[in-house]
Amino acid sequence: MNPNDPSDLAFSLRQRRKKSNLWLRFFMWFTAIGMVAMGVFLTVVSWNLPSVSSLQRFKPALASEVYSKDHVKIGEFFREKRLWIDYSEVPGFVVKAFLAAEDSTFFEHGGVSFTGIMRAFVKNMISGEVKQG
């Protein structure tokens, strides 16, 4: 191989281009397959999720209260004893306690923490079982 020979130089450049094109094609196919897999995954996961509009008009089953003629409460009927209170009625220390136990950055990420999801994914993959959610 003579460095001054133009045909050898052209051959070398063609070989480099073929290798770089091969890596580019591999990356493009890998990315396309990954995007399709992610789309399928998100579609399957979202099948059983409720719609946003149904969440906005959520009305949980509350206890039925029975009152006497004198407006005295004489009983309740329920399957699950639930009381409805507004968020503004929840004491601040209760909100802080839940956030400390569950997700201290909840108000910063809007409900979905991608770093938390990735952290849990890595920990679950390393352990081979579901350790975090």
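Colleague: Which residues line the largest pocket?

Modeller: In this predicted model, the lining consists of Met38, Phe41, Leu42, Val45, Val112, Phe114, Ile117, Met118 and Phe121. Helix H1 (6-46) and H5 are the elements that give two or more residues to it. The volume comes to about 370 Å³.

Colleague: What classes make up the lining of the largest pocket?

Modeller: Nine nonpolar residues, with no polar and no charged ones. Val, Leu, Ile, Met and Phe count as nonpolar, so Met38, Leu42, Val45 and Phe41, among them, fall in that class.

Colleague: Why does Val112 count as partly exposed?

Modeller: Its relative accessibility is 43%. Buried means under 20% and exposed over 50%, so Val112 lands in between. As for where Val112 sits, that's the loop between helix H4 (106-109) and helix H5 (114-127).

Colleague: Now the second largest pocket: which element gives the most to its lining?

Modeller: H5, with four residues. H4 and H5 each supply at least two. The space there is about 290 Å³, and 13 residues line it, with Asp103, His109, Ser113, Gly116 and Ile117 nearest its centre.

Colleague: How does that lining divide by class?

Modeller: Three nonpolar, seven polar and three charged. Asp counts as charged and Gly as polar, so Asp103 and Gly116 belong to those classes.

Notes
Residues numbered from 1 in each chain as written. Predicted model: local features only at pLDDT ≥ 70, side-chain atom pairs only at ≥ 80, totals over all residues. Heavy atoms only, no water. Buried < 20%, exposed > 50% of the residue type's maximum accessible area, 1.4 Å probe, protein only. 1 Å grid on protein atoms, 1.4 Å probe; cavity = no way out; pocket = protein on both sides within 12 Å on 5 of 7 lines; lining within 4 Å. Points joined across faces, edges and corners; volume = space filled by probe spheres on them.
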